[in-house]
Every structure is written in structure tokens, then in C-alpha cells.
Amino acid sequence: TTDLNIDFDSSNKSTLGTASIYFVVGDANKKVYKLSSAVVNEATINFEIDGIAMIDWSGFASEVTDDTASGEPTATVTEAIADTDNFIRNRLTQLTIVPTSQDPDGDSTDELEASYDLTLTGGNITISNNITYITPEELGIVNIPVGHVTGGRAVSGSFTCYLLKDTSATNKSTDFFEDVRSITNVVTNSFALTFKVGGTTAPFFNLAMTTAHLDIPTHSIEDVISLETNFTALPSTIDETDEVVLTYKGA
């Protein structure tokens, strides 16, 4: 029932913590593979209207070894691994878009609304550490990495919504498309994005991005006309770590 907040205040490091990751394949005649000195490089959060929100993890390890002889490893984290009632379903994810300035071109006319409220049918958000492995080149052997370094952290993704025209409001998806498209003399833009993956009833997953650049939305002509928008989340200043703050809202 307590919110779980995840930020990147301690993540501006040249190297990240490593771990040993075990994959247990099979049951009676199982194989155990050990990934030594493993480090997480990317996490991609995917959500869609008819699915459960999921996170895809990818990364690197110095080597993969067969660890079957040592037996199945003891799990470090065992809390709620058998629970099936805490999945986050995309019950029409809510997105609030707030422009940093309603007058981005400075002509004393507000081209943008104070905020836009969109109901999403799907989307994805990728957080990448852009890791590079350091591997010495030795003749006659298979080279094994000796370490890694991080690159510039990148947070990007896209979201999809129906093309909705609501004559009683001026902050829906059609209005958003028309307003962003109309700013032809502005090269960059800045918006605050707040995703509520799973709706507004707990459990849901909140992602807050204070400074994001949005591409002009593109149309998809299918059974229902929809809009897809790519975005890149940026820190508010060069030395900040506030590209995104993630919050799990428990039931």
C-alpha cells in the first residue's frame, strides 16, 4: 500500500554494480547457466490496451558458464513471486502533457493549451545506460571483458492514442496534434509528461518526465485512426538526473 519511488539520483556513475545471474532451464533434467559479472544496460517498459504491462531487461555479462553441477541457486528475492493479483493491466493508460511554455515562439500568442489529457492505447519507454565493455585483445584465446563503462543515459519511447475530436474540450488528441504541428518556426519543444500506466486506480505505474522533447505525431489509418508520438526525455539541467521518476502505486 506504500508508494515505491525510483529515481536516478545515485546513477551518474562511470561503472555500475554487477551481479551473478542464473538461468534455470528445464525441470527434472534442468540446466543451470551462470552469467558472471552481469550488468543491466536497458529496461523497456511496454504497455498496450489488451495486455499486462511488462519490462524487458537486457544487458551484458563477462562470460556464460554451465553451473548445473553446483545445483539450483537459492533465490535472493522471494517476496510475492507466486502472486497473480498484482499485475498492472493497461486499463487505458492516462497521459497528461504540460508544455513548459504555452508560447514557445515568443510572439505573445499562446499556441499551446495549458495541458493536454490523452487516453493511450499503448506505448513503450526505454531507459538505456549505453554501456560499453572493455575487452583486451589477446592472441590465441577467446577474449573476456575486464570491465565496462557507462555512456550518456538515454530515456526515450513512444505512445499511441486514438485521434479524438471532442467539441466540448480543446485539450484532446486532435487538438494536441494540430497545436504541435502549427509551431513551424520552433525547432525544439519542451513538455512535462506524466504517464499513469494502468489507469488511475491502484495498482498502477506512474512515470513523470519533467522535460521531454516530442516529435510531431504521425497518423495510423486502420480500423480506428490513431496517433503515434515519439519522445525523448531530458534532464532539466546538464547535471540533473530527473529525466524520469518512476512510482509504483500499490493497491
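Contact here means heavy atoms within 4.5 Å. This is a predicted model, where local features need pLDDT of at least 70, side-chain atom pairs count only at pLDDT 80 or more, and totals for chains, interfaces and linings use all residues. Residues are numbered from 1 along each chain as its sequence is written, and side-chain values use heavy atoms, with hydrogens and water left out.

**T93**
- T93 touches F47, L118, T119, L120, K196, V197, G198 and G199, leaving aside residues up to four places away in sequence.
- T93 lies in strand β6, residues 93-99 (strands are DSSP runs of E, at least two residues, numbered from the N terminus).
- T93 is buried, at a relative accessible area of 0% (buried means under 20%, exposed over 50%, partly exposed in between, with a 1.4 Å probe and protein chains only).
- Its side chain comes to 3.4 Å from the backbone nitrogen of G198.

**Nonpolar core**
- The largest nonpolar core has 33 residues, and I97, L118, F159, L193, F195 and L207 touch the most other members (a core joins buried Ala, Val, Leu, Ile, Met, Phe, Trp, Tyr and Cys through side-chain atoms within 4.5 Å).
- Elements that each supply at least two residues of this core include β6, β7 (116-128) and β11 (191-197).
- L207 touches I45, I125, L193, T194, F195, V197, V244, V245 and L246, again leaving aside residues up to four places away in sequence.

**Strand β2**
- I21 sits in strand β2.
- I21 is partly exposed, with a relative accessible area of 35%.

Conventions:
Helix = DSSP H or I, 4+ residues; strand = E, 2+ residues; numbered from the N terminus. Polar contact = N/O pair within 3.5 Å; in protein donor to acceptor, adjacent residues only side chain to side chain.
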